[in-house]
Amino acid sequence: MLGFFLDERTDAASPEGTDSAWMECPPDPLARAVRAGTVMLDELEASSTPLHRLVGAGLDARLFTDLSSLTPDSLVTPNERFFIRTTCPPRARATERWTIAISGLVPRARTLTLDDLGPLVVPMGTHLIECAGNARSARFGMISAARWSGVPLVALFDLAAPSDVASHVVITGIDHDTASVTSVPGASWVFTRQQLIDAHAFLATGMNGDPLPLDHGAPVRLIVPGWYGCACIKWVEAMRFTDDRAAATDQMKEFAARTHQHGVPALVRDYEAATMDLAAMPVRVEKWRGDGRLIYRIVGVAWGGATRTPPLLIRVNPREPFVPLNGCPVPAPAPLRDNWAIWTHNWQPTTPGRYEIVLKADDSAVRTRRLDLYFYTRTVRIDEV
Ligand SMILES: Nc1nc2c(c(=O)[nH]1)N[C@H]1C(S)=C(S)[C@@H](COP(=O)(O)O)O[C@H]1N2
Ligand SMILES: [Mo]
């Protein structure tokens, strides 16, 4: 099992460039100011949703990560702070003799062991996962990024040698079989082979230099960079190659609305790729005092969408227009194809009150389904100006 997970800091450079709009950095108006505190976002949820503590059990288990303390240096989430959605089912706890069954439209069905995967493990770079059910009630704490290692799916396609008509592959993981209040038991997702190749999908075996933790899918989980977490099947035990008549799985139907499908497609060919559009939200509001005046600094994150991120616009008050972010955006360490970045915006409200902060892309050609729905609106109460 040597080399089953790799700790490689020298990841290959990202082939894609970074948009220069992200790199321009105006002089900092807070350079001589003093930090005077932090104002809570979404007060109601802040008082009722615990962070960094496992709540619930099985399919209902959740650990919400705390985004409010993010800095450019902590955009990669330590394993114990990475959000959890579903803890390890009892049947998946015996990881020593793990196997993955390869079947369907292949010349011969076979069973892969961890020893088969070991030599194929390579560094896969930093990628984030967001749960499609990330929400205000979760304090939007169902998003985290890690530096992964694993086996590229293309390497497994080479091993399995599926036939030409095997356009699709069903990837199945062990799941809790008990009823749940938040989820349907059973975890499988059907992809086209091309989708997995285009996304550089991989079976992860290592996370931030450690073996994959049990609750994150040990010993093998799927990561599809740029797709919502519901497609990132944990405790993978089977891959079955099929043609384009494949039916959508229960898991896909459960997540149809949350991945912006039209209705609940019965067939995979009618199911759109569960990708994350460009999105952005504030994670904290800092209060600064300088030259006898108060300045608030909104700190936020951006993620998802296509390779090149357009400039972002922010609106702090529904009665005011959107304006360009005036702070300095810092992208997460390369290689990162998910546009995970932190940004700031300095703001001087003129009256105390409750403000609703939203963002949008300064490019109407870029699809931003969730921003268009004001999905990530965050509220803040300003007492002092
Ligand atoms: N087998 C299995 N895989 C699963 C799930 C599950 O319930 N069972 N949940 C999915 C969902 S909805 C998300 S958001 C991610 C969460 O991954 P994490 O717990 O490592 O953050 O796992 C996905 N993979
Ligand atoms: Mo999810």
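Biologist: Where does ligand 1 sit?
Modeller: In this predicted model, local features need pLDDT of at least 70 and side-chain atom pairs pLDDT 80 or more, while totals for chains, interfaces and linings use all residues. Residues are numbered from 1 along each chain as written, chains are lettered from A and ligands numbered from 1 in written order, and side-chain values use heavy atoms, without hydrogens or water. With more than half of its atoms within 2 Å of the grid points of a space where a 1.4 Å probe fits but cannot get out (1 Å grid, protein atoms alone), ligand 1 sits in the largest cavity.

Biologist: How many nonpolar residues are in the shell around ligand 1?
Modeller: The ligand is surrounded by 19 residues (a heavy atom within 4 Å), and the closest are Phe83, Ile174, Asp175, His216 and Lys234. By class, 3 of the shell residues are polar and 4 are charged, while the nonpolar ones number 12.

Biologist: What percentage of ligand 1 does the protein bury?
Modeller: Among its polar contacts (N or O atoms within 3.5 Å), a nitrogen atom of ligand 1 is 2.7 Å from a polar backbone atom of isoleucine 174, and an oxygen atom of the ligand is 2.9 Å from a polar side-chain atom of arginine 221. Of the 520 Å² that ligand 1 exposes when taken alone (Shrake-Rupley method, 1.4 Å probe), the protein buries 100%.

Note on methods
Polar contact = N/O pair within 3.5 Å; in protein donor to acceptor, adjacent residues only side chain to side chain. 1 Å grid on protein atoms, 1.4 Å probe; cavity = no way out; pocket = protein on both sides within 12 Å on 5 of 7 lines; lining within 4 Å. Nonpolar A, V, L, I, M, F, W, Y, C, P; charged D, E, K, R; others polar.
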